[in-house]
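Please read them with the structure open.

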Amino acid sequence: MATPRDAHTEVPHALLRRSVRDIASGTEGTLMAVLVENTAAVGLPKRWAEIAYVRPVGGGRELSTAVANIEAV
């Protein structure tokens, strides 16, 4: 995982702008971005994770999920 410089650092990913499936929800769409974000609750130590943003087929609100949940379709 990339070391974050700020709260939302974008990182490259091999599947960016390609068709993917979120295995957690079954949603299929286009991988729009992968960001390193602090996922800790307010008041707890920072916990950085790579978060994937998927735009569903047919449009609509982008879904966020752990990057480990993304697979090519």
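Predicted model: local features only at pLDDT ≥ 70, side-chain atom pairs only at ≥ 80, totals over all residues.

1. Leaving aside neighbours within four places in sequence, Val34 is in contact (heavy atoms within 4.5 Å) with Thr9, Glu10, Val11, His13, Leu16, Glu50, Ile51, Ala52 and Val67.

2. Residues are numbered from 1 along each chain as its sequence is written, and side-chain values use heavy atoms, with hydrogens and water left out.

3. The chain has 0 helices and 6 strands; helices (H or I, at least four residues) and strands (E, at least two) are DSSP runs, numbered from the N terminus. The order of elements from the N terminus is β-β-β-β-β-β. The radius of gyration, taken over C-alpha atoms, is 13 Å, close to the 11 Å that the globule rule (2.2 Å times the number of residues to the power 0.38) gives for 73 residues, so the chain is as compact as a globular protein of that length. Along the principal axes, the C-alpha atoms fill a box of roughly 35 × 20 × 20 Å.

4. Which residues make up the largest nonpolar core? Val34 is one of its 10 residues, and the others are Val11, Leu15, Val20, Leu31, Val36, Ala52, Val54, Val67 and Ile70. Such a core is a set of buried Ala, Val, Leu, Ile, Met, Phe, Trp, Tyr and Cys residues joined through side-chain atoms within 4.5 Å. Strands E3 and E4 are the elements that give two or more residues to this core, and E3 gives the most, with 3 residues. In soluble globular proteins, nonpolar side chains tend to be buried together.

5. Of the 73 residues, 29% count as buried, where buried means under 20% relative accessible area, exposed over 50% and partly exposed in between (1.4 Å probe, protein chains only).

6. Two loop residues deserve a look. Pro12 lies between strand E1 (9-10) and strand E2 (19-22), and counts as exposed because its relative accessibility is 76%. Gly43 is in the loop between strand E3 (28-38) and strand E4 (48-56); its relative accessibility is 77%, so Gly43 is exposed too. Gly43 and Ser19 are 24 residues apart in sequence and 37 Å apart in space, C-alpha to C-alpha.
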